[in-house]
Amino acid sequence: MTLDFLGKLQRTKMCGDLRAEDAGNDVVLMGWVNRRRDHGNLIFLDVRDRSGITQIVLDIEKSPEAHAKAEAARSEYVVAVKGSVRKRAAGLENPNMSTGDVEVVAHELLLLNEAKTPPFSPAEEAIANEEVRLKYRYLDLRRVEMQKNFALRSRVAMAIRNYLVAEGFLEIETPFMTRSTPEGARDYLVPSRVHGGHFYALPQSPQIFKQILMISGFDKYFQIARCFRDEDLRADRQPEFTQIDLETTFPQQELIFGFVEGFLKAAFREAGITLEPPFVQMTYDDAIKNYGIDKPDMRLPAMVSLTDELTSELRETLKIEQALPVLGFVIPSVGELSGTARKSLLSEIRGGFGDSGLDLLDVARLKTNETFAPLAAAIETKASLGADDLLIVVTPKLGTPAMWNYDPQWIYKRVGALRLTLAAKFADKHKRFEQTGTAADFKFLWVTDFPMYEWDEEHKVWNAAHHPFTSPHEEDIKAGKLTNDKGAVRALAYDIVLNGTELGSGSIRIHRQDVQAEIFRSLGMTDEEAHERFGFFLDALEYGTPPHGGIALGLDRIVMILAGATSLREVIAFPKTAKAIDLMVDAPTPVSEQQLKELSLRVATKS
């Protein structure tokens with residue numbers, strides 16, 4: 001087979017752009033053969049580019065040479081077509097294609113390149129083997145679904161960029177190669193050839209640099225930034241990812257909320273969804289109390305305290321701890337469970353409690369007891385139980401473990417986790433997790449006033465819950481809680497949450513050197529250690545640092561949600577596997593002894 005040269009031929013239309021009003025026009029299309037159907041004197045080629053697919057008709061009587069080339073064409077051949085657009089005959093339209101009302105009668109066909117038989121066809125809607133998809137990612141990315149995902153990603157990124165620029169933000173790039181600093185995950189290290197034994201680190205975030213930009217007087221900064229974290233992977237994590245990073249001076253946190261809500265509204269508009277800010281706000285303590293988690297899924301009813309509904313007599317009879325809370329929650333529209341199904345469910349839940357000291361109150365059985373039936377009715381009323389709803393009530397047993405004394409929020413967190421587990425178990429019944437493509441599907445929430453510190457029981461130390469540059473509440477500093485009551489210190493930190501997924505985190509930063517030094521000391525860091533790690537930043541704080549704050553949201557995660565995907569790998573062009581391997585380029589790989597020698601490195605085998 002002889003291939004053709006493109007010569008000076010130029011494409012005049014994208015394949016997916018043709019419509020009925022184009023009938024009668026001559027066009028030049030270029031793309032890949034998506035499918036080929038041979039009917040003897042007529043051959044049909046579906047030609048695809050990133051805009052869509054057009055059906056090409058090759059008639060042996062009208063264009064014998066083009067017909068002959070079409071006989072040789074196969075799936076994924078690259079072709080150019082010159083022809084005339086015509087309307088399809090009545091009854092032969094394809095309503096599943098945007099170009100389904102028309103077809104192109106070919107006058108000339110160029111075979112620009114051939115293709116091996118692919119391991120899977122890009123014409124397939126779903127491919128089960130993800131490893132094969134990732135190894136042949138260039139074929140996978142030809143699929144219509146993937147092309148839509150990345151067109152959406154491009155539009156979303158541009159909408160965010162345009163919004164922030166219009167709000168006076170400057171887009172400024174920060175370094176990829178910097179120094180290693182602790183940010184909660186392991187750094188990717190880059191050895192220096194010039195300075196043997198020394199290393200750069202790839203940034204986990206541009207945190208310190210964007211704060212220095214505020215010190216430098218740039219006032220409003222943003223960046224769609226690449227970041228790197230050497231951590232264990234899962235569906236919503238990748239070792240390299242992209243975040244929408246911004247920082248501004250002299251802010252109250254409501255100012256930052258407004259910017260974020262503005263660019264999210266612009267981004268969601270690109271997916272045809274109209275958001276209506278402002279979003280709901282809730283403190284961290286209220287989130288734990290009402291939902292048992294700091295990233296609540298607002299599509300489901302909150303937990304409810306039933307402590308006041310349980311009398312001392314009932315607690316004593318059922319061996320329920322008198323001093324601890326009783327919590328309940330409702331999973332809507334589960335429907336009536338048979339006695340056997342209900343007993344099995346309660347047994348499964350109790351088994352999941354293990355030796356935690358928690359138990360279940362079977363309200364259905366309680367209703368059959370003449371003495372306690374009014375209490376059961378009161379519990380159902382307090383929980384706003386509907387006719388088809390499932391009510392779960394969790395009680396602490398007598399002698400609940402000392403975990404309660406260590407973490408007063410422990411019971412709320414355990415019950416909150418059970419709430420999400422059962423919501424997922426009955427998702428097909430309550431339908432709360434289904435996407436309809438409307439704004440009602442997306443429940444945004446700002447969670448505020450996070451704890452400044454978290455206790456590390458293993459090492460018996462207080463760690464920064466967010467990062468050590470987060471400002472505490474002024475009242476907590478003035479009250480001396482940084483030294484006397486770390487567990488009660490609130491941070492000016494906030495998360496933006498969507499449907500139970502954290503989209504991003506931010507905070508008002510520390511802008512005073514004396515406060516920053518006190519925070520480092522409260523974390524057990526000596527002044528010498530702090531200066532060794534962050535000396536350049538501490539120095540910068542001494543030169544007129546304005547109050548400032550910011551946030552970073554995961555662009556990959558936002559696009560994943562808008563695309564209706566379940567994994568970040570669906571919206572990252574060249575992702576890694578769960579083992580941090582790039583199957584397409586076969587990375588990471590060993591390097592030569594000469595390369596190691598130039599970098600003053602030697603590979604040691606793990607013991």
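Among contacts in the chain (heavy atoms within 4.5 Å) between residues at least 6 apart in sequence, 67% join residues at least 24 apart. The structure is a predicted model, in which local features need pLDDT of at least 70 and side-chain atom pairs count only at pLDDT 80 or more, while totals for chains, interfaces and linings use all residues. Residues are numbered from 1 along each chain as its sequence is written, and side-chain values use heavy atoms, with hydrogens and water left out.

The C-alpha atoms fill a box of roughly 95 × 75 × 55 Å along the principal axes. Of the 607 residues in the chain, 46% are buried, where buried means under 20% relative accessible area, exposed over 50%, and partly exposed in between (1.4 Å probe, protein chains only). The secondary structure comprises 20 helices and 21 strands; these are DSSP runs numbered from the N terminus, helices being H or I of at least four residues and strands E of at least two.

An open sheet of eight strands shows mixed pairing in the order β6-β9-β10-β21-β20-β19-β16-β11. Its edge strands, β6 (170-171) and β11 (280-283), each pair on one side only. Two strands are taken to pair if DSSP finds at least two bridges between them. Within this sheet, β20 (residues 501-508) and β21 (residues 548-554) are antiparallel and share five bridges, and Gly504 has Leu553 of β21 as its bridge partner.

Helix α5 (residues 207-215) lies across β9 (220-228), β10 (240-249) and β21, and runs at about 25° to β10. That angle is taken between N-to-C directions, on a scale from 0 to 180 degrees, with axes as lines fitted to C-alpha atoms, for helices over the stretch in contact.

A salt bridge links the side chains of Lys210 and Glu247 at 3.5 Å, N to O; the term requires a side-chain nitrogen of Lys or Arg within 4 Å of a carboxyl oxygen of Asp or Glu. Because Lys210 lies in helix α5 and Glu247 in strand β10, the pair ties together parts that are 37 residues apart in sequence. Lys210 is buried at 1% relative accessible area, and Glu247 is buried at 0%.

The whole structure holds 36 salt bridges. Another of them joins Asp527 to Arg521 at 3.1 Å, N to O. Here Asp527 is partly exposed at 43% relative accessibility, as is Arg521 at 45%.
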